[in-house]
Amino acid sequence: SLRDLGSSSTAKTITVGQDANGLTTITVELAFGTTYSGMQQTMTYTIENSGAVTVSTTLNGSGLPNDSYNRFLRVGTDMILPAGFENVQWYGNGPVESMLDRKTFARVGVYNSTANKLYYPYMNGGDTGTLTDVNWITVSGGKQTALAIAASTPIEAQALHYSASELSKDHPYKMFPSEKLYLSVNYASQGTGSATCGPDVLSQYTLPYNKTYSYSYTILPIT
């Protein structure tokens, strides 16, 4: 379904090349099957000798079939890290979660937390632990090499023991945290609105299909 469209993507083409600085680039054009062939996404990985990898992605869904909303819930990428990553530090809005239309309360700073603390068990399930306007975020713990994500333009991030799809389909009492860490690095997620007892999300806090989304970030192993 559109809720988790990226999980069904396949690589249409993979091209290895070099950029203007002589760094290796891997460009992947994604395909989303016949039903969602109107979705276009390209990802480019630029690899440095230091081990840093810059991920750049461009997405456009203007060719997707119309539905009730014609908008994405989230534009982003997910990484699954092995057990051991628990500590989370970030430079951005905090000290707790915020959303695209719920962040005027937050203050920009350097904050520390854990993947367990960033999860809030909303009664009906749903998204949680979203960090907005993030300039960089690190995850560490145990004997694992720490991982940092840095972005020149602020991004959105999550570091939880639950995947986004798990959060959206069940009640907290039915859910059990994984030892793995689900690290999401996003362009944005749409705002929450107040449709249960009021208006839908305001248009400026939505992610319509008919727009091109481009963003990039760099992954760095750190000690």
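Author: Let us begin with a definition: a nonpolar core is a set of buried Ala, Val, Leu, Ile, Met, Phe, Trp, Tyr and Cys residues joined through side-chain atoms within 4.5 Å. Please keep in mind that this is a predicted model.

Reader: Which residues of the largest nonpolar core touch the most other members?

Author: The largest core has 45 residues, and those touching the most other members are F72, W90, I137, V139, I149, L183 and Y217. At least two residues of this core come from each of β2 (24–31), β4 (53–60), β6 (74–81), β7 (87–94), β9 (131–140), β10 (146–160), β11 (181–189) and β13 (212–222). Strand β10 gives the largest share, with seven residues.

Reader: What does F72 touch, leaving aside residues up to four places away in sequence?

Author: With those neighbours set aside, F72 is in contact with M39, L59, G61, L64, Q190, L207, P208, Y209 and Y213.

Reader: How should I read the pairing of strands, and in which sense do β7 and β9 pair?

Author: Two strands count as paired if at least two bridges are found between them. Strands β7 and β9 meet this with five bridges, in the antiparallel sense. Within β9, V139 is the residue that stands opposite V88.

Reader: How many bridges join β9 to β10?

Author: There are six bridges between β9 and β10, and these strands also run antiparallel. Here L131 faces A157 of β10. The two strands form a hairpin with five residues between them, and in its turn G141 has a positive phi of about 145 degrees.

Reader: Why does R71 count as buried, and why is D200 partly exposed?

Author: Buried means under 20% relative accessible area, exposed means over 50%, and partly exposed lies in between. R71 counts as buried because its relative accessibility is 17%. D200 is partly exposed because its relative accessible area is 34%.

Reader: Where do R74 and E156 lie?

Author: The side chains of R74 and E156 meet in a salt bridge at 3.9 Å, N to O. R74 lies in strand β6 and E156 in strand β10, so the pair ties together parts that are 82 residues apart in sequence. R74 counts as partly exposed at 21% relative accessibility, while E156 is buried, with a relative accessible area of 4%. A network of salt bridges links R74, D127 and E156.

Reader: Finally, which residues form a nonpolar patch on the surface with V108?

Author: V108 forms this patch with Y91 and V110, and together they have about 260 Å² of accessible area. V108 is placed in strand β8 (residues 107–114). With 54% relative accessibility, V108 counts as exposed.

Key
Residues numbered from 1 in each chain as written. Predicted model: local features only at pLDDT ≥ 70, side-chain atom pairs only at ≥ 80, totals over all residues. Heavy atoms only, no water. Patch = residues over 30% accessible without salt bridge, like charges linked within 9 Å, V, L, I, M, F, W, Y side chains within 5 Å. Areas by Shrake-Rupley, 256 points an atom, 1.4 Å probe, with all protein chains shown as cover. Salt bridge = Lys/Arg side-chain N within 4 Å of Asp/Glu carboxyl O. Helix = DSSP H or I, 4+ residues; strand = E, 2+ residues; numbered from the N terminus. Buried < 20%, exposed > 50% of the residue type's maximum accessible area, 1.4 Å probe, protein only. Contact = heavy atoms within 4.5 Å.
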